[in-house]
Amino acid sequence: MSIDFLVAVIITVVGASTPILFAGLGELVTEKSGVLNLGVEGMMLIGAIAAFATVDITGNPWLAVVMAAAAGALISMVFAVLTLSLSANQVATGLALTIFGTGLSTLIGNGFTGRAIKTFDTIFPDVLAKDPFWKVIFGYSPLVYFSFIMVALVAWFLSRTRPGLILRAVGENDVSAHSIGYSVIRVRYAAVAFGGAMAGIGGATFPLVLTPLWAEGLTGGRGWIAIALVVFAGWRPVWLLGGAYFFGLLSTFELYAKASGASWTAILPSEAWAALPYLATVVVLAVISVSKRAGGNAPACLGKPFIPSA
Amino acid sequence: MNMNRRRFVQAAATTAIAAALPIIHTRSAFAADPLKIGYVYVGPINDGGWNTAHEAARQEMLKALGDKVTSVYVENVPEGPDSERVIRDLANQGCGLIFGTSFGYMDSLMKVAKDFPNIKFEMCTGFKHAPNVANYNIRFHEGRSVIGTIAGMLTKTNVGGYLATFPVPEVVSGINSFQLAAQKVNPKFRTKVIWINTWFDPAKEADAARALIDQGADVMTQHTDSPAAVQVCEQKGIPTFGQGADQSQFAPTMCKTSTEDQWGPFYTQAAKAVLDGTWKAQDEYWGMKEGAIKMAPITHVPDDVKAAAEKVISGWMDGSYNCYAGPIKDQSGAVKVPAGSVLSNDDILGLNWLVDGVDGKIS
Amino acid sequence: MKLKLEKRAEPSALMLYATPVGAVILTMIVGAIIFSVIGYNGLGAVYEVFIAPVATSYKWQDIAIKASPLILIGVGLAVGNRAAIWNIGAEGQYVVGALAGTGVGLLTQNATGPWILPLMLLAGIAGGAAWGAIPALLRNRFHVNETLSSLMMTYVAIHLMNYLVAGPWKDPTGFSFPQTPLVTADQSLPDIIPGTQIHLGVLLTLVIALAMAVLMARSVFGFQVRVVGSAPHAARHGGFSEKQTVWLVFLLSGGLAGLAGIFEVTGPFEQMSLGFPQNYGFTAIIVAFLGRLNPIGVIIAGVVLAITYVGGDMAQSALQLPNASKGIFQAMMLFFLLASDILIRYRVRLVSQAAPAAQPATAKSAA
């Protein structure tokens, strides 16, 4: 196995991992505040079409990232108003959001299919970014570096800052957080909006990094993988990074194995590879539920509505 | 306050009903002239591939026949019971001719056809027969052999990549004709196949294309519905080809040509036949000669490559070229088509083996 | 002046039933406006999606066929949601039920006899229940959140199906297309109304839904489910085991989803293919909520959703309305319903900001 080949594989894995890393990171923060938003796939699609439309119209991929985040956050507010202000059921609202986002993105996207866009150039000088070896570090889209920064930021925010502490407190025990005087609803609004923005950017990764085109259902169900990823990582940001790359490796490994024509690829059918992230997540769920170690638990209030008794 | 709200709900309900009333209409069911023609599409009409080609052909037919025909289409119809519902609806709406444009509609279409013996049905890529059902198809392999010729001449590594969905005959035939045409101009050529086992997932298509290229393929083609793989080839500087429609906008320098499905001439002919009362339940399998498959302009290739490709095209037109002329061996080395004979249409439409020189198994 | 929410002493029965109707009507109004704004015939769209299917008699059978799986899965989910047990993996249970039944079908391809179809249906129920048992077991044994585990198992089920349908169970005479052989005559649900496609499964669905209505209203099980859902502490004191309820709920809703799956195989689909999962299991969650978690309500809600599916196709051929529109209508309907839910437990009042203090007492006496 040559170095060039290894570099190429790593670049593909990074591409496959980045969208679920973004979306998973947003969902992690949302869930940490005690809210389960199953609308990730819908928010990703809204982000994807917002990004594509922005580049198609303005030619500016940086603006596209901003617009995707804004669109994701905006659409997540439908969810927030229903579940937080009107205490509607989170599961049903999240599913409805996915249906809505899928439909709306298709409707908006009708005018954008069959078109190609130009996206980011690499941000490092060509000496590094186009070097056959060093591109493994310097050759990515700016969004990839941004995803790493966001992991660090979220990890720092949740564990080291006061607002992060409040957010976790709200997710662990909303009643006592409320009684100390924190606005549970306001914190959760912010967390849902952040989740929407990150899902939007995750969706934007498709047209901006992976496939510079628009097609109906472009994200291909990766919103659900992102939800699995949060659980798989035990609600820990750094583990989420590892998990995203593990899932990304699983999905590309199979393709490389097939392309190599190696006979051992027949051991597992490709559907088994595709099902592995979900199976692994169920196993992890069971393990962390049994071992109850600190930091690896579902937020205690996950999915439960909070109705302030004024 | 309570009363007010109740009154508001009531008022809203009345408004909605009143608003709906003026537009309640009876569906026009008179089936006299003009001939109403229904189309059922499996995806969105702007997918830039399969369905776009059918929709363009429908427009072409409408233009050719003018006010003698009217037409409706339904897009995004899943295969299975939904398609039966849609086809039945088109029949009930007074269509005199209905085109099912995806293989998976075949059984639904056969069922509806039985209940509407006076309506003519045309089934794209199908193989079942009834007095009012005919099948039509395009000899896609003719276009694939042009691509294969170009690929065989452009490659340096002698490895071509082929991105495929499922091993259905049409896809298998595409791979075989690509390899056969390529090895005719380059005996060392081999084709590496990845089956992605999904009809549509652009991100996976792109990843699979990267995997093929990283494993040494320096020319590539795909049998998938999105142009994702074509875009990857442009980024990586790998010659590639569009399928279904001209996809050069996705790879301006690397897309050397595209196979364009031209269903228009057939749609016009079938509609004319129904209008004239000469329609027969007869299968049609058209190629370049009938204008059913066309190559987009061949660009960004050396002159000798372009000349060779154009010779293949004219060869199909005048009958002097056939990629399925023997001798042809399968992957195990067994002779499937002896020298001097040619693979029959029925064999092409039922292909389930890959030719020698293809790496990758039919799962 | 400002809007204020006041808790009702008792949930409003009027609002419970008025809000779903209101949500549908509001969807029609807002839908008409939105689609007009983006350049379609908005009123026409609403007419085609919601009214044309009902006004066109030959579409009734399509509505019945499309509503059937939604209702069958929906009544099962309604029971679980009543008990505050969240099975969102009905789609997976539907698929595995269909697979189990199809497995029996493949073994009996060359057999004849009236026993084949019932055996397939039983296998369907067993398959769905078995898949539903996984999240139940995980919750009871390991305290695993059943919402997440049942969702994950859905995708495992779909990949399992993809493998079987494109691999070992592929129709050997089907030109390698990823689909199983067509069901034989003895494996098909008979049509019950001559000249239509309405099959026995539609009738059985209706019978089961009505039976569930009686079960929920009259039986100890129905009581148990409601108590566990609304007052878990009281349930424990009353001797109802939460674990037992989890088992019952998942086996029941999984079994019904599995039955819906095999009904689709032996009825409209006649085989399994990659397009078999139609999101009925997810849509049924909407149906359960729209139907107020009440089996009779679920029947009505299932019909309403089915109308939007059938109407969505009609709107396409009549107005060239994009296919994506029906998803938007369906989601809006649920959004409005969920938003109006609060009216059941609360009332909205305009209060003057000057004197808010006296209000709660009045509210109580009024209720």
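Author: Two residues are said to be in contact if their C-beta atoms, placed from the backbone, lie within 7 Å. The model is a predicted one. By that criterion, 36 residues of chain C are in contact with 38 residues of chain A.

Reader: What makes up the side of chain C that touches chain A?

Author: Helices α5 (116-142), α6 (146-166), α11 (280-290) and α13 (325-340) of chain C each supply at least two of its residues. The largest share, 11 residues, comes from α6(C). Sorted by class, this side of chain C has 25 nonpolar, 10 polar and one charged residues.

Reader: Why are β2 and β11 of chain B called edge strands?

Author: The open sheet in chain B has six strands in the order β2-β1-β3-β4-β5-β11, with parallel pairing. Strands β2 (69-74) and β11 (284-286) each pair on one side only, and they are therefore its edges. Neighbouring strands of the sheet are turned by 20° against each other on average, direction ignored.

Reader: How do you know that β1 and β3 of chain B pair?

Author: Pairing requires at least two bridges between two strands. Strand β1 (residues 35-40) and strand β3 (residues 97-100) of chain B have four bridges, in the parallel sense, and therefore count as a pair. Within these strands, B:Val40 stands opposite B:Gly100. Helix α9 (residues 264-276) of chain B packs on the sheet, touching β1, β2, β3, β4 (120-124), β5 (133-138) and β11. The direction of α9(B) makes about 140° with that of β1(B).

Reader: What makes up the contact between α2 and α3 of chain A, and how do their axes lie?

Author: The axes of α2 (residues 40-58) and α3 (residues 61-85) of chain A come within 8 Å and cross at roughly 145°. The crossing of α2(A) with α3(A) is right-handed. Among the residues that meet are A:Met43, A:Ile46 and A:Ala50 in α2(A), and A:Leu63, A:Val65 and A:Ile75 in α3(A). By class, this contact has 13 nonpolar, five polar and no charged residues.

Reader: Which residues have the most contacts inside the largest nonpolar core?

Author: They are A:Ala51, A:Leu229, B:Ile194, C:Ile73 and C:Leu334, in a core of 338 residues. Helix α10 (residues 184-210) of chain A gives the largest share of this core, 15 residues. Leaving aside residues up to four places away in sequence, A:Leu229 touches A:Ile20, A:Gly24, A:Leu240, A:Gly243, A:Ala244 and A:Phe247.

Reader: What share of chain B is buried?

Author: Buried residues make up 54% of the 363 residues in chain B. This chain has 11 helices and 15 strands, and its C-alpha atoms fill a box of roughly 80 × 60 × 35 Å along the principal axes. Of the contacts in chain B with a separation of 6 or more, 64% join residues 24 or more positions apart.

Methods
Residues are numbered from 1 along each chain as its sequence is written. Chains are lettered from A and ligands numbered from 1 in the order in which they are written. This is a predicted model: local features need pLDDT of at least 70, side-chain atom pairs count only at pLDDT 80 or more; totals for chains, interfaces and linings use all residues. Axes are lines fitted to C-alpha atoms, for helices over the stretch in contact, and angles run from 0 to 180 degrees between N-to-C directions. A nonpolar core is a set of buried Ala, Val, Leu, Ile, Met, Phe, Trp, Tyr and Cys residues joined through C-beta atoms within 7 Å. A residue is buried if 20 or more other C-beta atoms lie within 10 Å of its own, exposed if 12 or fewer, and partly exposed in between; C-beta atoms are placed from the backbone. Ala, Val, Leu, Ile, Met, Phe, Trp, Tyr, Cys and Pro count as nonpolar, Asp, Glu, Lys and Arg as charged, and the others, Gly among them, as polar. A crossing is left-handed if the near helix is turned anticlockwise from the far one by less than a right angle, and right-handed if clockwise.
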